[in-house]
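Please examine the sequence and the three-dimensional structure shown below before reading the report.

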Amino acid sequence: MKAFFHLIKRMAQTIFLCFPLLGLGQDHAVEGQVIDSLKNPIRLVHVMIFNADTFLAGAITDMDGNFRINDLKPASYILKIEALGFKDFLKKFAHQDGPTDLGGLRLDMASIELDGVELVAKRRLYDKNPNSVIINIGQIVANSGGSAFDVLRNTAGVSVNQQNGTLTLQGNGKVTIMVNGKASRIDGQALIGLLKSIPATNIENLEIFNNPPSKYEANGSGGMIDITTTVKNAEGQGGSLSLTSGYGKAEKTGVSSSFHSQNGKFGFYGSYSFDRNRSHEKWGLESEFDNPMSQKRISVVSNRKPVTTSHNYSFGTSYSVLKNTSLSGTVSGYNSKWDMLASDEVLRNDNSNVQEALNIETNEINQWNHISPNVQIEQSIGKSHSLIFDYNHLYYKDDNPSDYQIDSQMAGCFIEIQKTTPITFDVYNLDYRGKISEKLQLEAGVKTVSSNFNNDITVSSNIQDQTFVDNGLSNNTVMKEHIRAIYASFQWKLNGKTSLTSGLRFEDTNNELEVDSEPNRVTRKYGNLFPTASITHQIKDGSSLQANFSRRINRPSFNQLAPFALFLGPDALYSGNSNLQPALVNKYGVEWSWIGKRLTVQYLTAKEAIVEFQPRLSDNGQQYIFKAENMDMRNTLSISLGLPIRVAWWWQMENNISVQHESLKFDFQGTIYERNKGSLRTTISQQFVLGRKIDLELAGYYQSPTLFGISTFGSRGALNLGMRYQLDKQHGTLKLSFSNMLASDNWNIETNTLQPFVNTTETYFPEPRVLMVTYIKSFGGGKKENKYKRNGAEQEKKRLQ
């Protein structure tokens, strides 16, 4: 109870700090927002006001589809909206004293005849919101047949590291992944498994937040990506079905379906997908040991044949209990199993040139099970205020057994690892949303998250029929964490062209980590304030300038902290680091948008920055151990340009170019390192309309070498081809994709230092030239956005690994 009153006190202080002490007057403006049938804003369209047949005033919608026409006398008027690709819109309305808000004005698409070719208006690939960018995935043909993982890997500015399961945005650190507004607090291979279990055909759009508002948890310096699927709470009944099949070096199959039904007060919706992907991969490690305890060279080549099988499901219902009270509930989850057989060849050379060859047969299983029930109650208070209570329970369980049969000229050895990890979260939050005046909107809330993590690992070896338990690697780790948060934020229209969004969030964290093989319990207690501010000014029609600031935190993920062992051969392994500290990050940014184009400059400073899997020698000098490390300082300057170009009505280009300069400073095993490096990333999409029924896309990306802590990540890239064909008489759509055509989406991570001596080269070659064909069929009525899609677990699943 004392903690609850302390939280309420913090909430009151936060709201007081965020609330502007300025009077707000009345005006005589008419305003609204122009949207399409899917409630996406339509920018740069003409809005006109008529009195009978006389034109009085007009405006052009901004980047968010909003318009405002000032100084109209009270009277009856006619509103007319004209936009290319949409039917003309007419609306009669009465304008009284004070402002008139017409709300969302929906335009219906129209067909355009061009020299006998019917061109149906299409949604843009990129849409810009004040604090985010929306990527309409349905317009990306080259991603057909893939998964959410493939979509993100080819998204401008997003970098995916499959080996350690991290995603970064514009090189600025980890991002939080949400699915339908519900954050996934998982990382590493669990996150990769989740993303691979969501078919690309089920994704409607990605919303990328570079600086998330204060209502979201402050964890994740890179920002946040919300994956919105096609499952919506819709009027009437309907659904969709897709079938996928493909081949690279092995077969792939998949099926996904969704349904929705809304009748009056009651609605329900759901989705299910199944995917099986058998592939061939190649991994390698070249390492050198040069110390008093060991002088040798190691070469490891691993031919892997993983089979990934996943089931992903989500079911929900909503009910309007009373006129102002709504109740909704969802149950979602997935089962993802990664079953790998690998044949490894290891060559060892010591300083006397004596060579030893080892053959290792590896069998590793990584199976994640997850279920998450959620209940949400929304109570409207008047016309412009609401309270939302949300409870979410998250349960995960990871079974990760593996065994290694090692054969050499000298002797044989069998190593077995048993690893089980159950994790639970309980998330409660209460939010308030209100329109204080015509110019001011306020959001405020409290949130508490309780989590329990248990990692039980046993490593044993069998040599000449004798079994030995490795007590140095075997342990049981228990971690409990409590996060209490309070926030307040407001959106304020300073005038017709300038708006301010600002907020303040306080988070109090209590984390306890206990390892049975270590004598001391690690306790972390800290509280932090996280301010955000963003001011946007409309320079002229279609052009705006935005400046923003935010403070974020990168908390260590659970498995980064918990000891574990994943062997890369007898001379190298991945492990956790219980000494990791959270990293505080300040982000400063400026963005200029004009007619669909975007120029963004951002500067990021981080203390105790966390860098994944850095190699170091073990205490006995016989192994390389790869684990996450804290860096003293990490500063990043990035400049990004989004440049869409319509070459002709049948040819659209989407170009995204980002340059970055990164500076690192850290103490690595007693030696101070300072590293600086510039890099370039570019993503290009060429889309062609070949006829009324056929679209073609050629898309690709290139990433130059980048810093990876003490290591350097080599250049990489990919080229993908896609085609979409619309069948006759609404019989569905066929999509064909050919990904990684040049077999160039490969990794090369090099580390070469003298003090201490570390010399490793890690390579990874994923399956190239994958051909996929997908059939998609939709049934039933249209869609409207599900108002209940977001819930209090929006940031609660990010930190497993």
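Predicted model: local features only at pLDDT ≥ 70, side-chain atom pairs only at ≥ 80, totals over all residues.

Residues are numbered from 1 along each chain as its sequence is written, and side-chain values use heavy atoms, with hydrogens and water left out.

**Overall architecture**

The protein has 4 helices and 50 strands, where helices (H or I, at least four residues) and strands (E, at least two) are DSSP runs numbered from the N terminus. Of its 801 residues, 55% count as buried; here buried means under 20% relative accessible area, exposed means over 50%, and partly exposed lies in between (1.4 Å probe, protein chains only). Among contacts (heavy atoms within 4.5 Å) with a separation of 6 or more, 67% are between residues 24 or more positions apart.

**Nonpolar cores**

A nonpolar core is taken as a set of buried Ala, Val, Leu, Ile, Met, Phe, Trp, Tyr and Cys residues joined through side-chain atoms within 4.5 Å. The largest such core has 44 residues, and those with the most contacts inside it are Ile-415, Phe-567, Tyr-624, Phe-626 and Phe-666. The largest share of this core, 6 residues, comes from strand E38. Apart from it lies another core, of 21 residues, which includes Val-34, Val-47, Ala-57 and Ala-83. Returning to Ile-415, its contacts, not counting residues up to four places away in sequence, include Ser-402, Tyr-404, Val-459 and Phe-567.

**Aromatic rings**

Rings of Phe, Tyr and Trp (its six-membered ring) pair if their centres lie within 6.5 Å, with planes under 30 degrees apart counted as stacked, over 60 as edge-to-face and the rest as tilted. By this rule the count comes to 20 aromatic pairs. One of them is the tilted pair of Tyr-574 and Phe-613, with 4.5 Å centre to centre and 45° between the planes. This pair links distant parts of the chain, given that Tyr-574 is in strand E36 (residues 572–575) and Phe-613 in strand E38, 39 residues apart. Tyr-574 counts as buried because its relative accessibility is 7%, and Phe-613 is buried as well, with a relative accessible area of 11%. Phe-666 and Tyr-673 form a stacked pair, at 5.7 Å centre to centre and 15° between the planes, and both of these residues are buried. Elsewhere, Phe-259, Phe-266, Phe-268, Tyr-313 and Phe-315 form one aromatic cluster.

A charge sits over a ring if NZ of Lys or CZ of Arg is within 6 Å of the ring centre and within 35 degrees of the ring normal. Lys-296 lies in this way over the face of Phe-289, at 5.0 Å from the ring centre, and Arg-716 lies over the face of Phe-713, at 4.1 Å.

**Salt bridges**

With a salt bridge defined as a side-chain nitrogen of Lys or Arg within 4 Å of a carboxyl oxygen of Asp or Glu, the count comes to 23 salt bridges. Some of them are tabulated here.

| Asp-571 | Lys-296 | 3.1 Å |

Asp-571 lies in the loop between strand E35 (565–567) and E36 and Lys-296 in strand E23 (residues 294–322), so the pair ties together parts that are 275 residues apart in sequence. Both Asp-571 and Lys-296 are buried. Asp-508, in strand E32 (residues 498–515), and Arg-484, in strand E31 (residues 475–493), are 24 residues apart; Asp-508 is partly exposed at 21% relative accessible area, and Arg-484 is partly exposed at 28%. Glu-507 and Arg-505 are both buried, and together with Glu-217 and Arg-555 they are linked in a network of salt bridges.

**Lys-607 in strand E38**

Is Lys-607 buried or exposed? Lys-607, found in strand E38 (residues 597–617), counts as exposed because its relative accessibility is 64%. Not counting residues up to four places away in sequence, Lys-607 touches Pro-582, Ala-583, Leu-584, Met-631 and Asp-632. The C-alpha atoms of Lys-607 and Met-631, which are 24 residues apart along the chain, are separated by 7.3 Å.
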